[in-house]
Amino acid sequence: MCLVHLMVRDDSLILTLSGHMTLTDGHERPIEGISRRGQGLLAYLSQQTNMRAERGLIADLLWSDRSEQQARASLRQEISVLKRALPEGCLNSNRQAVWLDTAAVQIKKDGSEEFLLGFDLPSEGFEDWLRTVRMPADQPREADADTSQIFTRPAVLLFAFETLSNGPDDQLIAAGLVDDLRTTLCYWRWFPVIGPEAIGWRTAKDGDLRDIAAEVEAAYAVTGSIRCLGNRVRISVNLIDTENGRVRWSQQFDGTFDDIFSFQEEVSRAIVGQLEPQIAQAEATRIARMRPSSIGPWQLLAQADEINRKGGEGYGTPESNLEQRRLLEKAIEIDPDLSTAYARIGRVQFRFGLLGWTKDIDGVLMDSLANCEKALALDPDNWEGHAYAGLVNVFGFQKYQASLLNVNEAVRLNPSAAVAQHACGCAKQWLGQLDEALVHQDLVFRLNPTYPGRAAIFGENTSVHLFLGNRDASLASAERLFSIAPGYARGLQRCLATFGYFDQMDRATQTLKMLREIQPDFDEAYVRKTYPYANPDHTELMIDGMRKAGAFVR
């Protein structure tokens, strides 16, 4: 018998998880009134690091058959009921996470009896987790093999934030923001993140930054400060290369105390959205100085990512995407289980089908989906695999509900990834969820104002406003798209539809001429095949605008 926390307190909670689950207080009196899902929540938390988990993950685990909004509402209600039923202080929560007090919770487990014997829930997510926990200890798990390699990549150290004013709540705000950042960074799986507790919650002013970072072998450091004045809050953040002390990125955020929690969440997501491209660019510069023989698989991924960023507006060129695929395939030769490489090959193949860079559109789209599925088989939490599987499912195969599940999962796994938000907005546009699509499109630019795929976002925005009948907004997006990406065929098609539909004939004629130079075989059959909106009226609106622009007259 294994008993964790031998000191018994009056206000403690004892969970028996071997055999049939039981809940008792410190006097071994049964605790009644806990629902099946409430018991599942407690069992799940008890098995997590520090008995803590992110709210969105728990909601999806216990209510995987419901929408995100419904699942989160159910979780709030369940937490409220549990707090009333359990000894005070055993269960705690904030806007991001839920956790058990490790000093007040005891866990009884006996290896001779099955974990949660006879326990089940009508939730596929929970059942998947339960099967994993019940797996024999000597059976290898893919996730263990994957995470063991994380520190082969440069680590990022999160310092505690410095307070530059002396208000009574300033320290609390600083600690809250860092906690938000740490929670949001948990979604980030490209580089390992080291929290401030690893350096004793020191700030960048508490010693030589490079020496402190060297203690935990961090290649990059995130530092920050908070200044409060009256009702206003200013947060400054820096990303520093610890090898040379150079500031790679710096930004200030201004807000108020009116809704400090929402402000903290928005800032943390914006910071994370900026960190990844900045670190990736720094790594690309460093890798370029390395000998080819010393470059490993993740570095090949970084090289491919740098080509993707520099490939041009829209989705780059066929040549830049082919070079990405070459590097990704080379990475797989070195590491056949590199999930990210398969997802990004799926991205390349999707683009070839989307933009008509091949005569075998169906074939490359099937290959794209196969690579995404391979990525997800290796790592079910690969958000990029979900994102591109969602796009291929809707664009290539009109599997609208499957697509929605994929893109929602991509955002859940990494809400700070602009690409995940882009994929979700794109898919929801195809599905006719237009207002939601606009929300995701707006989030892309809040996360990364210089997002490399901004031309694609403007194109989707143009069409969404066209479908909503927002003339001025649709034309404004079309003009922005036309000005920054005159060589992006997919964007020109959307501009053509918008200019034609709203009788901007001079602009429409100019757009059609440029489109035919890039895509000589553009015709109505192509439009019907490659704009498979769930609402057929949306496809007809596009075709009507193009027809008014003279697109199908030869």
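This is a predicted model: local features need pLDDT of at least 70, side-chain atom pairs count only at pLDDT 80 or more; totals for chains, interfaces and linings use all residues.

The pairing of β2 and β3 is antiparallel and runs over 4 bridges. Between the two strands of this hairpin there are 5 residues, and Gly19 takes a positive phi near 70° in the hairpin.

Which residues of β2 point one way, and which the other way? Leu13 and Leu15 point one way from the strand, which covers residues 13-16, while Ile14 and Thr16 point the other way. This pattern can be set beside a general rule, namely that side chains in a regular strand alternate between the two faces of the sheet.

## Positive phi outside glycine

Two residues other than glycine also have a positive phi. Glu28 is not a glycine, yet its phi is positive at about 60°, and its place is in the loop that joins β3 (22-25) to α1 (36-46). Is Glu28 buried or exposed? With a relative accessible area of 56%, Glu28 is exposed, because the cut-off for that word is over 50%.

Glu217, likewise a residue other than glycine, has a positive phi near 55°. Glu217 lies in the loop between α7 (209-215) and β11 (218-229), and with a relative accessible area of 70% it is exposed.

## A helix with a buried face

Helix α4 covers residues 124-134, and Phe126, Glu127, Trp129 and Leu130 are buried in it. Seen down the axis of α4, these buried residues fall within an arc of 160°, and so they line one face of the helix.

What do the buried residues of α4 pack against? They pack against α1 and α2, the latter made of residues 55-62. On the other side of α4, by contrast, Glu124 and Arg131 are exposed.

Helix α18 (residues 471-484) crosses α19 at roughly 145°, and the axes of the two helices come within 9 Å. This crossing is left-handed. On the side of α18 the contact is made by Ser474, Leu475, Ala478, Glu479, Leu481 and Phe482, and on the side of α19 by Gly491, Leu492, Cys495, Thr498 and Phe499.

Helix α19 (residues 489-501) also packs with helix α20 (residues 505-518), at an angle of about 155° and with the axes 9 Å apart. The helices α19 and α20 are therefore roughly antiparallel to each other, a term used for angles over 145 degrees. Here too α19 passes its partner α20 in a left-handed crossing. Among the residues of α19 that meet α20 are Ala489, Leu492, Cys495, Leu496 and Phe499, and the residues they meet include Met505, Ala508, Thr511, Leu512, Leu515 and Ile518 of α20.

## The chain as a whole

The chain contains 22 helices and 13 strands, and 54% of its 554 residues are buried. Of the contacts in the chain with a separation of 6 or more, 64% are accounted for by residues 24 or more positions apart.

Definitions and conventions
Residues are numbered from 1 along each chain as its sequence is written. Side-chain values use heavy atoms; hydrogens and water are left out. Buried means under 20% relative accessible area, exposed over 50%, partly exposed in between (1.4 Å probe, protein chains only). The arc is that of the directions from the helix axis to the C-beta atoms. Contact means heavy atoms within 4.5 Å. Two strands pair if DSSP finds at least two bridges between them. Axes are lines fitted to C-alpha atoms, for helices over the stretch in contact, and angles run from 0 to 180 degrees between N-to-C directions. Angles under 35 degrees count as roughly parallel, over 145 as roughly antiparallel, 65 to 115 as roughly perpendicular and the rest as oblique. A crossing is left-handed if the near helix is turned anticlockwise from the far one by less than a right angle, and right-handed if clockwise.
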